[in-house]
Amino acid sequence: MSVTAPPFLVSWNVTKRCNLLCGHCYLDACDLSGPDAISTDEALSYIGQIGSLSPGCMLVLTGGEPLLREDIFRLASRASKLGLSPVIGTNGTLLTDETIKRLVGSGVQGIGVSLDSLAPEIHDRIRGVAGAWARTINGIEALSGSAVPFQLQFTVTRENLKELPAFMEYAESTGAKAVNYFFLVCTGRGQKATDLTPEEYESALKSIALKEEEYRGRIMVRARCAPHLMRVAGESDPESALLKGSTSGCIAGRGYLRISPEGFVTPCPYIPVRDGSPSLKDKPLSEIWEKGREFESLRNPAYKGRCAECEYSESCGGCRARALASAGDLMAEDPWCLHEPKGTKKETRVAPSWSAEAEERLKNVPAFIRPMIRKGLERYASHKGIREITPALMKELREKAGR
């Protein structure tokens, strides 16, 4: 029996093949020819392992471009039948009414589409293929006319940084349920992509925190690969919904894992496969999750530099993939963070208890976000000196979060 809480989110690069040539791709994906490294039978067996390890978790089927796998509908169907929550992460260029209908029929519960600019020339330049923008927009329009929930992904670069406010307006107009602003980690082709300065990064997070407040209850706004959002939001508004279970710091290795196109397992997509990285061809997923060296390190972090001294080390913790990419050390300080620790002694708070009624209500939350909601509620209650989490407190925070 597992002694480690299972992941609530699994991201699987089901293929390295792609029809675009994005400058920031962490996989360096591009080859359209040849077979995938993982056969259909192997893929189905992996899904079985995911279902056994973490019943009900969200399974992100992405790539490369996952819709290039002819068996993607079969994989999604298998995941759905096992009780997982399969979603698709795509560049949107292959989405049609018929494809969307087949995905929904296969049990897909949501679709995320990457769009990096409202300007065709900028998006096409970032994505490396002329005409990509128009095809992605067509895919988004097809989603808008369907019943499937979808969200938009926006990779923030210096070239599109000023578009953040306008992109929110566009996303809301399409009917998207959420916008995820992704921040580059220098891996794969992303090593050559234009990075933001720490100052630009900090400014972007402040803008996102403001947009979360402005659009609360209308569309979800989140920053990905940017755990500092917790600090930025708290500094501007101690009562921010982002601090009340709406999101969290880095979850790599704690509630999240990634499976590579070749079957290697890492704590997140931006922690690359290295010598010694465990493979599902050699070890079961449960063993990797519970005993993997990097996973154990992330669950019991020994941060270095400013992260070791920071009063936000628990709620933020910095981006571990960025620390690894810049310093070659998973525990190094995050170089993009401008915060100087104040030397304040971290408070030791007693974790609040849960009333029986609150525990029952938590069971109504989808399994794949339940751990994050639990952690957020406990963090908020502890900070406020509340000793027991009750349905009344849950309702209060839900209303404040606009959900």
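**Exercise 1.** Why is strand S6 (residues 178-183) largely enclosed by the rest of the structure?

*Solution.* Before we start, note that this is a predicted model, in which local features need pLDDT of at least 70 and side-chain atom pairs count only at pLDDT 80 or more, while totals for chains, interfaces and linings use all residues. Residues are numbered from 1 along each chain as its sequence is written, and side-chain values use heavy atoms, with hydrogens and water left out.

Step 1: settle the words. Strands (E, at least two residues) and helices (H or I, at least four) are DSSP runs numbered from the N terminus. A residue is buried under 20% relative accessible area, exposed over 50% and partly exposed in between (1.4 Å probe, protein chains only).

Step 2: look along the strand. Five of the six residues of S6 are buried, so the rest of the structure largely encloses this strand.

Step 3: find its partners. Two strands pair if DSSP finds at least two bridges between them. S6 pairs with S5 in the parallel sense over six bridges, and Val-156 stands opposite Phe-183 in S6. Five bridges join S6 to S7, also in parallel; here Tyr-181 has Ala-223 in S7 as its bridge partner.

**Exercise 2.** In what order do the nine strands of the open sheet lie?

*Solution.* Step 1: read across the sheet. The order is S7-S6-S5-S4-S3-S2-S1-S8-S9, with mixed pairing.

Step 1: check the ends. Strand S7 (220-224) and strand S9 (265-266) are the edge strands, each pairing on one side only.

Step 2: Contact means heavy atoms within 4.5 Å.

**Exercise 3.** Which residues of helix H3 (residues 97-105) are buried, and where do they lie around the helix?

*Solution.* Step 1: list them. They are Thr-99, Ile-100 and Leu-103.

Step 1: look down the axis. The buried residues of H3 fall within an arc of 100°, so they line one face of the helix. The arc is that of the directions from the helix axis to the C-beta atoms. As background, an α-helix has 3.6 residues a turn, so residues three or four places apart point the same way.

Step 2: Asp-97, Lys-101 and Gly-105 are exposed on the face turned away from the buried side of H3.

Step 3: see what covers the buried side. The buried residues of H3 pack against helix H2 (72-81), strand S3 (85-90), strand S4 (110-114) and helix H5 (132-144).

**Exercise 4.** Are the faces of S4 covered or exposed?

*Solution.* Step 1: take one side, where Gly-110, Gly-112 and Ser-114 are buried. Step 2: take the other, where Ile-111 and Val-113 are buried too, leaving both faces covered.

Step 1: name the neighbours. S3 and S4 pair in the parallel sense over four bridges, with Gly-89 opposite Gly-112 in S4. S4 also pairs in parallel with strand S5 (residues 150-156), over four bridges.

Step 2: follow the chain. S3, H3 and S4 make a right-handed β-α-β unit. A crossover is right-handed if, with the strands pointing away from the viewer, the path from the first strand over the helix to the second runs clockwise.
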